[in-house]
Amino acid sequence: TLGEAINTNEGEQLTGYDFVLEPGGEISGTISDISGVLPEANGVFRLYKTNGQQQYIGLNREPDGSYRFGGILPGDYRVVLASDSLGLIDERYDNIPCPRNSCDTALGQVFTFTGTESFSNIDAVLDEGAVIRGTLTDAITSDPVPNFCVYFYTETGVYAAVACSDEFGQYETVTGLPDGLYRMSNQFGSFNYEPVERGYVPQVWTNDGSFVYCGEECDFLLGDTFAVSGTTAVEGINLEMRDGFTISGALTDAITTDPVEGQRVCIGKLSTQSVVQQSCSDSDASGFWESPALVPATDYIPFVLGRDTPYRSERYDGIDCPFNWCDLTTGPTVDLSLGDATDVDFALDANTVFSGQIFDDNGGSPVPLSTGRVRLYYPDGSNVPFSVINTNSNGEWFIGSLLPGSYWLLSTNRFD
């Protein structure tokens, strides 16, 4: 870490920490359209390293509408002049259409600073471009998605524009785009992947409106392109967004094939070897079950939680969960990387259980909640129980999903 740490105590006032600032380089000029210099704060100046990395950004804040940017460190730079509100095409100096610096990094004049150099009259007259309009909706509810940003990319996947929706889910790009083919996504991928806001999964626009998950980081080339030509607005670039994929199927009785209602199904994950939070759901009267929305992944493990129900615990695909313990450290798994998974069905076997109640021998009342404990042992002389269960508020206990065999039971005080 550069610099010197300053230690202070509460209420203490420190003085004498002065700075002597070194002057840097400066660039200035005007940003105009065909009508003249853009109004104050409507023009944008961006300074990039020659490798395309943005270093500085500023607005045209001078009284005459010009911009002036100082304190530039030594190095080689290129300049992009733009407007973020008037439908004009960004330009890399000198006169190279370059929306959001999407053009070849080798193009444009290089400004070299070694100290206090000053470059003036670095001007641009921006051309009008085409704006893009559309509507953002939730794929499940069909409701508009307000205050949400989507991003536009060149045909080769380079970031070119942004637009954010209004209260009705409708958006319009703030900058104009030059002629070309473009793509759209709800994922901003110029840098490392960040989860899409509000839980929507990364996706790309398709011409037929079908859902295409684009991954993390998003592969924008998985989407379709649309054409921009002249200054005619491109309408109807709509996006239906999803907050995840679901796993669904049917639960039936393995003997009668009747639907099983009210049985709980939860979702585990192989990579974490744990249950996904808030992933459980119950089957309906037809035996149908469906998980909550899950983020795309290839390693989900659905499992039925038997416990105190008439059916055994079982994990996908037909693997028994002895004593209600499902192994989440191995496959098979369900792939949700490309869309919903359906027909993940379970034919459930009848549960085999031990149950009972523990009483206090001093008065015969059931022991209080979690006071009693039952330990289950194999009859092989081992003193290590393989299942331990506490009593409920009525002193009752239950151990389900037992494998065929013989067992020993030991009831104790929980604190023994």
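Strands here are DSSP runs of E, at least two residues long, and helices are runs of H or I of at least four residues; both are numbered from the N terminus. This is a predicted model, in which local features need pLDDT of at least 70 and side-chain atom pairs count only at pLDDT 80 or more, while totals for chains, interfaces and linings use all residues. Residues are numbered from 1 along each chain as its sequence is written, and side-chain values use heavy atoms, with hydrogens and water left out.

**Stop 1: two cis bonds**

Select Asp-317. It lies in the loop between β28 (314-315) and β29 (319-320). Look at the peptide bond from Tyr-316 to Asp-317: it is cis, with omega near 5°.

Now select Tyr-93 and Asp-94. A cis peptide bond joins them, and omega is about 15°. Asp-94 sits in the loop between β8 (91-92) and β9. In general, most peptide bonds are trans, and most residues other than glycine have a negative phi.

**Stop 2: Gly-108**

Move to Gly-108, in the loop between β9 (96-97) and β10 (111-113). What is Gly-108 in contact with, leaving aside its neighbours within four places in sequence? Show Arg-78, Arg-92, Tyr-93 and Ile-96. Contact means heavy atoms within 4.5 Å.

Gly-108 counts as partly exposed because its relative accessibility is 25%. The classes are buried (under 20% relative accessible area), exposed (over 50%) and partly exposed in between, with a 1.4 Å probe and protein chains only. Gly-108 and Glu-4 are 104 residues apart in sequence and 40 Å apart in space, C-alpha to C-alpha.

**Stop 3: the cavity**

Rolling a probe the size of a water molecule over the atoms shows where empty space is left. How many cavities of 30 Å³ or more does a search of the whole structure find? It finds 1. A cavity is a set of points, on a 1 Å grid over the protein atoms alone, where a 1.4 Å probe fits but cannot get out; lining residues have an atom within 4 Å of a point.

The largest cavity has a volume of about 30 Å³. That volume is the space filled by probe spheres set on the points, with grid points joined across faces, edges and corners. To find the lining, select Tyr-48, Lys-49, Thr-50, Gly-52, Arg-78, Arg-92, Asn-101 and Thr-105. By class, this lining has 1 nonpolar, 4 polar and 3 charged residues. Ala, Val, Leu, Ile, Met, Phe, Trp, Tyr, Cys and Pro count as nonpolar; Asp, Glu, Lys and Arg count as charged; the others, Gly among them, count as polar.

**Stop 4: the sheet around β13**

Colour β16, β13 and β21. These 3 strands form an open sheet in the order β16-β13-β21, with mixed pairing. β16 (170-172) and β21 (239-241) are at the edges, each with a single partner strand, so one side of each has no neighbour in the sheet. Two strands pair if DSSP finds at least two bridges between them. β13 (residues 133-138) and β16 run antiparallel and are joined by 3 bridges.

Zoom in on Thr-135, in strand β13. Its bridge partner in β16 is Gln-170. Is Thr-135 buried, exposed or partly exposed? Thr-135 counts as partly exposed, at 24% relative accessibility.

**Stop 5: the sheet around β22**

Next, colour β26, β22 and β30. Here 3 strands form an open sheet in the order β26-β22-β30, and the pairing is mixed. The edge strands are β26 (288-290) and β30 (346-348), each pairing on one side only. β22 (residues 248-253) runs parallel to β30, with 3 bridges between them. Find Thr-252: it stands opposite Ala-347 in β30.

Ser-248 also lies in β22. Ser-248 is buried, with a relative accessible area of 7%. Not counting residues up to four places away in sequence, Ser-248 touches several residues, including Trp-289 and Asp-343.

Click on Asp-343, in the loop between β29 and β30. Asp-343 has a positive phi of about 60° although it is not a glycine. It counts as exposed, at 62% relative accessibility.

**Stop 6: β32**

Finish at strand β32 (residues 372-377), where 6 of 6 residues are buried. Gly-372, Val-374 and Leu-376 are on one side, and Arg-373, Arg-375 and Tyr-377 are on the other. β32 pairs antiparallel with β33 (residues 387-390) over 4 bridges, and Val-374 stands opposite Ile-389 there. β32 also runs antiparallel to β35 (residues 408-413), joined by 6 bridges. In β35, Leu-409 is the bridge partner of Leu-376.

Definitions and conventions
1 Å grid on protein atoms, 1.4 Å probe; cavity = no way out; pocket = protein on both sides within 12 Å on 5 of 7 lines; lining within 4 Å.
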